[in-house]
Amino acid sequence: MDLGLQGKIAIVTGGSRGIGLATAERLAGEGVSVAVCGRDAEALDAALEKLKRLDGRAVSFIADMADAGQRKVLVDKVLDKHGRIDILVNNAGTHVRASLDDMTEDQLQHHLDVKLFGYLGMIRAVLPAMRGQGGGAIVNVVGQAARHPHPDRIPSGITNAAVMAMSKSVADGVARDNIRVNTVCPQYIGTELVESIIGKEMVKRSVSREIAAAGFTRANPLGRLGTPQEIADAVAFLVSERAGFIAGSSVSVDGGYHRYVFG
Amino acid sequence: MDLKLKGKCAIVTGAGSGIGKAIAAKLLEEGARVMMCGRDAAKLDDTVAALGAGDRVRRCIADVGNAGDVALLVQETVAAFGRLDVIVSNAGTHLRGRIEELPAEDVENHFRTKVLGPWELIRAGAPHMRAAGGGRIILIIGQAGKVPGRNVPGSAVVNAAQLALVKSVSDDLGRDGILVNAVCPSRIESPLSTSIDIDEERYLGRSLEQQESGWGDTVPLGRWGTAEDIANAVAFVASERASFMNGANIDVDGGHQRMIF
């Protein structure tokens, strides 16, 4: 299937590892020139080296998505280099596990700053360019803590639900400008993040890695973790011309983890 | 993006026209072999001829509301192609009318085609998919299931049942590598939407032109979609590129439905 992505310009936030890097690689493989950003210079250098093999025009920028000034600089630099932005993949952010008792308000505030304000701020920053060029495609990556709130994941539950509401509202607001906003909702993907959570579970419950990991691999009917590439494929489809009538939609890529009939 | 559908074998029900025809055409374009199913032999023959895909396409006259027909459909597919990898359940129409205008019998027939049809199709097809190490089952489910209304109680209850079927069966068959998902269209130009408009013209006195000029107003994207928009989503979900997608549903509706999740 020709996705019609050849020659497009994309920004992928949190693009130095995991889902972000896999998405950047998939897009580059489809002929997209990708700009990735992240906070870890070493990881970002390694990511850029991989991307350069697929797309000679790939670039990377050190930027913290919680910082409005850095978001603006990132968008300006990409516009300076390419003159347009066709695709934005909002992916920067992590998963924060904390209960009501051990969560701090600073922790929740930081999570909101990175993911809710970070995603929203990036959308606002790229909108003038997308409107000016007659359209664009945006995907927000939002973990299933939004659909499945849990007492030990309060920061992620609150933040992700807010990002889902933001995505649908924004999607409605910009659809008439031919800008499509959708969300991809992963759960339990084999990334460093999930590995670190498994590591914490091992310590917390004093169990082997196998037992700690089973809680994740048995969480869906497929009985395994997903791969970052499986999320990247869904993102690539949604930002493509082949998904031209998909807007304001949320697509679960979770092996069947979530329990909703309508989601 | 290589969907790796080359050589895969698919059944598409309701394939004679509209969305079903577009899905069959897209799967053929990606190199799959397709068994087209419908009730109208003449219409189906015309469609098969128009697709011009040689021996990669076959047709089977069957009413999916009839369990015997469904069993034969699967038998004929496996006999023709030697395997079954993908089922796209698309047969069925949209049931309009307020509750006092809709006898239960009409709703029952609708349920038979759109819920019990795929039910039997899954029962007959899953053993072949399991034997092949996995497969894909995709139900096309109109958005009345998520967006009920006074003039669509028949479709609303039947489509909601389809969504519940997808989620329940995905939990079960996912363990065998058979992924079950839904693609949910709304606001798609097709013979069905035209027939609804003719209905409105007759009863509400609004001309086709008046209605079509207002189509975009109800959709955030400001326009209606095409059958090909649905076919693209189906081809993606049917492919190896969607190998971690299970029990999900994708809205292809220009932003029409209002749920966040």
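**Exercise 1. Which domains does the domain assignment give for chain A?**

Before we start, note that this is a predicted model, in which local features need pLDDT of at least 70, side-chain atom pairs count only at pLDDT 80 or more, and totals for chains, interfaces and linings use all residues. Residues are numbered from 1 along each chain as its sequence is written, chains are lettered from A, and side-chain values use heavy atoms, with hydrogens and water left out.

*Solution.*
- Step 1: The assignment gives domain 1 (9-188 + 227-252) and domain 2 (190-225); such bounds come from an automatic or database domain assignment.
- Step 2: The C-alpha centres of domain 1 and domain 2 of chain A are 25 Å apart.
- Step 3: In the contact (heavy atoms within 4.5 Å), domain 1 of chain A takes part with 10 residues and domain 2 of chain A with 11 residues.

**Exercise 2. Describe what lies between the two domains of chain A.**

*Solution.*
- Step 1: About 890 Å² is buried between domain 1 and domain 2 of chain A, with 60% from carbon and sulfur atoms. Buried area is the accessible area (1.4 Å probe) that two parts lose on being put together, summed over both.
- Step 2: Three salt bridges are counted between these domains, a salt bridge being a side-chain nitrogen of Lys or Arg within 4 Å of a carboxyl oxygen of Asp or Glu.
- Step 3: E230(A) and R224(A) form a salt bridge, with their closest N and O atoms 2.9 Å apart.
- Step 4: On the side of domain 1 of chain A that touches domain 2 of chain A, helix 1 (18-29) and helix 8 (228-239) each supply at least two residues. Helices are DSSP runs (H or I, at least four residues), as are strands (E, at least two), numbered from the N terminus.

**Exercise 3. Work through the interface of chain A and chain B.**

*Solution.*
- Step 1: Here 46 residues of chain A contact 51 residues of chain B.
- Step 2: The buried area is about 4,100 Å², and carbon and sulfur atoms give 59% of that area. M1(A), F245(A) and F262(A) supply 23% of what chain A buries against chain B, more than any other three residues.
- Step 3: The rule finds three salt bridges across this interface. R241(B) and D233(A) meet in a salt bridge at 3.1 Å, N to O.
- Step 4: Helix 8 of chain A gives the most to the side that touches chain B, namely five residues.

**Exercise 4. Is K6(B) buried or exposed?**

*Solution.*
- Step 1: K6(B) sits in the segment before strand 1 (9-13) of chain B.
- Step 2: K6(B) has 71% relative accessibility, so K6(B) counts as exposed. The cut-offs are under 20% relative accessible area for buried, over 50% for exposed and partly exposed in between (1.4 Å probe, protein chains only).
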